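Subject: Structure handover

Hello,

Please find the structure below, with its sequence. Notes on what was found in it come after.

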Amino acid sequence: MPQSLLSLEGATVRFGARAVLDAVGLEVAEHEVVCVLGPSGSGKSTLLRAVAGLQPLDAGRVLLDGRDQAGVPAHKRGVGLMFQDHQLFPQRDVGGNVAFGLRMHGAPRNEQQERVRELLELVGLPGAERRAVGALSGGEQQRVALARALAPRPRLLMLDEPLGQLDRSLRERLVVELRELFGRLGTTVLAVTHDQGEAFALADRVVVMRDGRIAQSGTPLEVWQRPADEFVARFLGFENVVEGTVAGEAADTPWGKVPVPEDAPQGTRGLLVRPAGVRLVPADEGLPCTVAARTFKGTHVAVHLQPEDAPRLEAACALREAPEVGDVVGVEFDAAEIVVLG
Amino acid sequence: MDVTRTEVANRSSRARTRRGSAARLGLLAGPVAFFALFFAWPVAAIVARGLKVDGVWRLGRIADVVTQSDIRHVLWFTTWQALASTALTLLVALPGAYVFARFDFPGRQVLRAVVTVPFVLPTVVVGTAFLALVGRGGLLDELWGVRLDTTVWAILLAHVFFNYAVVVRTVGGLWAQLDPRQEEAARMLGASPLRAWRRVTLPALAPAVAAAALMVFLFTFTSFGVVQILGGPTFSTLEVEIYRQTSEIFDLSTAAVLTIVQFVAVGAILAVHAWTVRRRESALRLVDASVTARRPRGAGQWALLAGVLVTVVVLLLLPLAVLVQRSLDAPDFRYYRTLTSEAGDTFLVPPIDAIGNSLEYALAATAIAVVIGALAAAALARRDAGRLVRGFDALLMLPLGVSAVTVGFGFLIALDKPPLDLRQSWILVPLAQALVGVPFVVRTMLPVLRAVDARLREAAAVLGASPWRVWREVDLPLVRRALLVAAGFAFAVSLGEFGATVFIARPDNPTLPVAVARLLGRPGDLNYGQAMALSTILMVVCAVALLVLERLRTDRTGEF
């Protein structure tokens with residue numbers, strides 16, 4: 001395996017008695033785009049700050065290109081960080097912001113100008129050099145912040161909730177742009193976000209964090225298909241998670257006997273039933289449930305079902321097949337959409 | 001293996017903290033040395049001179065002095081006039097604070113600047129202006145035969161005049177930024193307007209009111225110039241008594257005891273003030289001041305506005321107008337013209353020279369105050385500032401309250417031998433004046449420095465800026481304006497400084513306030529008129545400095 005560009009070994013940060021980062025180990029290879037995903041307070045931002053040198057470690061090491069960064073101050077680490085709310089310098093115009101890192105590295109003036117022009121073109125704001133940052137829209141600020149972080153050609157680019165404050169349609173467009181851009185430039189990226197859609201769209205590899213620890217790491221597909229545990233499953237938005245006892249190709253759950261895939265691990269385990277795996281059948285077949293609510297999701301309808309003595313179930317139905325609120329329906333399960341959690 | 005790694009990391013993080021403290025100590029070294037040399041030492045020296053006989057401390061003197069009936073009288077008067085002045089100032093100025101914060105009316109900006117003018121006026125000018133209004137041959141005397149300069153009312157009114165702006169600025173500044181929607185939320189939950197104000201706005205304002213009241217109390221408790229001019233032989237504050245004991249009776253031990261008494265009282269006031277400031281920093285929802293004001297509605301609000309405007313005109317503008325009128329009250333600008341002539345017995349130089357002296361001294365004092373104050377503010381603004389450093393913050397305020405007379409006289413006896421023999425040096429006056437300027441610089445800079453988002457600095461660091469460049473590239477551009485405002489305030493207070501300067505300014509180099517006081521101490525119409533003329537000039541210089549500042553001022557700069 002080639003040497004990682006960034007590696008964290010047992011990185012620990014404590015605020016008082018609480019460990020915000022708890023012995024985190026993480027490797028990021030060159031040209032890789034890694035996205036750290038987790039709820040707020042899970043330690044994502046602290047992770048970035050520790051790598052940037054803005055937050056001293058209480059234990060463990062940060063290595064860049066195999067070199068221990070202990071005692072190397074932030075301005076000498078050669079990494080870029082794009083802040084959550086951009087933190088553009090209010091007293092400088094767009095060009096002054098983008099050129100800042102180049103000036104700090106002593107680049108000659110004409111080279112600065114050339115690079116600023118090139119970067120503003122790259123992020124889709126050609127000719128914006130003289131504009132005031134206060135007059136930019138949220139999306140434009142985000143682009144300027146990106147150009148500023150890219151300008152000194154950092155060996156590692158870190159993004160803290162890069163699209164956090166933007167509205168949905170803009171976010172979806174920008175995430176595609178970012179993905180293309182990083183692919184074209186071959187940038188090594190470590191991003192953090194609480195939005196799974198953003199993480200899956202952006203990353204080669206997703207790392208899910210919980211309470212300062214890494215809960216799961218894998219490609220977006222792996223994480224989506226096989227969440228490591230109940231926390232990850234619920235964080236990804238799955239509601240149908242219960243405990244069950246797996247024996248052979250079926251599991252005993254509060255919802256009754258549920259079929260599981262052939263190679264499923266045995267014993268008492270968490271069980272995830274994807275909404276697509278909840279099939280609606282006439283009321284006298286399968287598990288009887290009352291329809292408690294239905295929400296329109298664009299491509300399908302999410303139907304919330306209340307069995308008599310068991311946790312609620314969420315089912316995904318086509319619009320014209322969806323039952324009305326108050327209807328009584330039966331439920332059957334599809335083994336292919338069921339995951340036995342670790 | 002793991003253990004050693006952990007240790008390495010721990011050591012490096014400790015090294016970082018140490019580097020942080022080292023940087024802070026470096027920043028603080030200048031201010032600390034300045035205060036030790038030019039404040040602590042002179043004050044200590046003069047206290048020792050008064051209380052040490054043949055190398056033995058005579059602490060018994062303290063009890064002796066404090067129990068003397070005339071001294072007890074001074075203590076009692078100092079305290080009650082300060083309490084009365086504070087209550088009266090709050091009574092008169094709080095409606096003003098509300099009106100300036102919440103009402104939008106034509107001329108509001110200009111008037112807001114105008115009410116601040118008295119605060120930067122030299123106390124000597126304030127005293128002179130009130131003398132012209134309520135004194136012998138003053139406006140009220142001429143019109144109705146009313147004289148107040150023999151009563152305590154002249155002092156109280158002058159104190160209100162002087163401190164009106166402190167309340168309007170401190171309380172009104174916060175009031176203007178309180179989110180009106182908080183009160184609206186309370187209304188929607190069923191509170192009446194009065195109840196919403198009492199339950200939501202008043203608790204939010206209370207710390208600011210307390211802080212303003214404490215500042216007014218501090219200024220009036222240590223009042224010197226005003227009482228010296230308006231108090232006559234009957235009324236004397238601690239500060240005036242210290243001056244009298246030192247320069248007229250030459251009773252240094254009594255003066256030393258009084259200095260200690262004042263020191264303790266001021267220390268207590270400042271401790272309470274620091275506490276209210278911390279309370280004030282508690283999280284309030286603040287909004288842009290420009291969006292909260294609206295035009296008055298209904299007869300009640302218009303009446304309130306009218307009342308405040310009348311108060312401002314009568315209490316703040318009238319004394320200044322009378323001062324100007326008195327200075328012109330002779331044919332052909334005689335009082336101004338004679339300022340340039342070689343005056344005989346009062347001065348060694350033409351009084352007009354005092355203007356040049358004052359400006360030179362004040363500029364030097366401003367330079368010193370800005371450098372020392374900015375260094376201190378930079379050290380205090382660091383997020384990792386510990387308790388010791390915060391203690392220094394309170395210490396920096398002390399020169400505002402410690403007897404300026406003591407400091408001035410202390411300069412003469414402490415800085416008179418090598419290696420620091422400054423008695424003959426012109427720098428002595430600016431040094432003493434800078435002492436009073438530094439607290440203003442710190443108070444103006446600190447909120448702005450603290451408001452600089454730490455992540456902006458981090459953004460610069462990650463882009464490759466060293467700590468020094470971060471300061472130059474991020475902090476400096478943001479605080480440049482506050483620095484100018486601070487310099488202006490330091491300039492105005494240096495220009496008006498009287499208590500210390502009166503001791504150390506050489507007779508051939510008087511400053512404006514010293515010249516005014518000396519002229520007032522002489523009989524005759526010409527001296528009186530010249531005092532009015534010089535005061536007018538001083539007032540115009542201060543007012544111009546302030547109005548220039550008002551254009552620079554932003555909402556976030558400072559509490560004064």
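This is a predicted model: local features need pLDDT of at least 70, side-chain atom pairs count only at pLDDT 80 or more; totals for chains, interfaces and linings use all residues.

Residues are numbered from 1 along each chain as its sequence is written, and chains are lettered from A and ligands numbered from 1 in the order in which they are written.

Sheet in chain A

Chain A has an open sheet of 6 strands with mixed pairing, in the order S6-S7-S8-S3-S9-S10. Strands are DSSP runs of E with at least two residues, helices are runs of H or I with at least four, and both are numbered from the N terminus. Strands pair if DSSP finds at least two bridges between them. S6 and S10 (213-218) of chain A are the edge strands with a single partner strand each, so one side of each has no neighbour in the sheet. From one strand to the next the twist averages 20°.

S6(A) (residues 79-82) runs parallel to S7(A) (residues 156-160), joined to it by 4 bridges. The bridge partner of A:Gly80 in S7(A) is A:Leu157. S7(A) in turn pairs with S8(A) (residues 189-193), again in the parallel sense and over 4 bridges; here A:Met158 stands opposite A:Leu190.

S6(A) is covered on both faces: A:Val79 and A:Leu81 on one side, and A:Gly80 and A:Met82 on the other, are all buried. Buried means that 20 or more other C-beta atoms, placed from the backbone, lie within 10 Å of the residue's own. Helix H4 (residues 138-150) of chain A lies across S6 and S7 of chain A and runs at about 170° to S6(A). Angles run from 0 to 180 degrees between N-to-C directions, and axes are lines fitted to C-alpha atoms, for helices over the stretch in contact.

Contact between chains A and B

Chain A gives 25 residues to the contact and chain B gives 26, where two residues are in contact if their C-beta atoms, placed from the backbone, lie within 7 Å. On the side of chain A, the elements giving two or more residues are S4 (59-64), S6 and helix H2 (94-104). That side has 14 nonpolar, 9 polar and 2 charged residues. Nonpolar covers Ala, Val, Leu, Ile, Met, Phe, Trp, Tyr, Cys and Pro; charged covers Asp, Glu, Lys and Arg; the others, Gly among them, are polar.

Chain B

Chain B has 23 helices and 4 strands, and 48% of its 560 residues count as buried.

The axes of H15(B) (residues 353-381) and H20(B) (residues 467-496) come within 8 Å and cross at roughly 135°. Residues making the contact include B:Ala362 and B:Gly373 of H15(B) and B:Ala487 and B:Phe491 of H20(B). The residues of this contact divide into 12 nonpolar, 4 polar and no charged.

H11(B) (residues 238-247) and H17(B) (residues 404-414) pack with their axes 8 Å apart, at an angle of about 30°. This makes H11(B) roughly parallel to H17(B). B:Glu239, B:Ile242, B:Tyr243 and B:Thr246 of H11(B) meet B:Val405, B:Thr406 and B:Phe409 of H17(B). By class, this contact has 4 nonpolar, 2 polar and 1 charged residues.

Regards

Terms used
A residue is buried if 20 or more other C-beta atoms lie within 10 Å of its own, exposed if 12 or fewer, and partly exposed in between; C-beta atoms are placed from the backbone. Angles under 35 degrees count as roughly parallel, over 145 as roughly antiparallel, 65 to 115 as roughly perpendicular and the rest as oblique.
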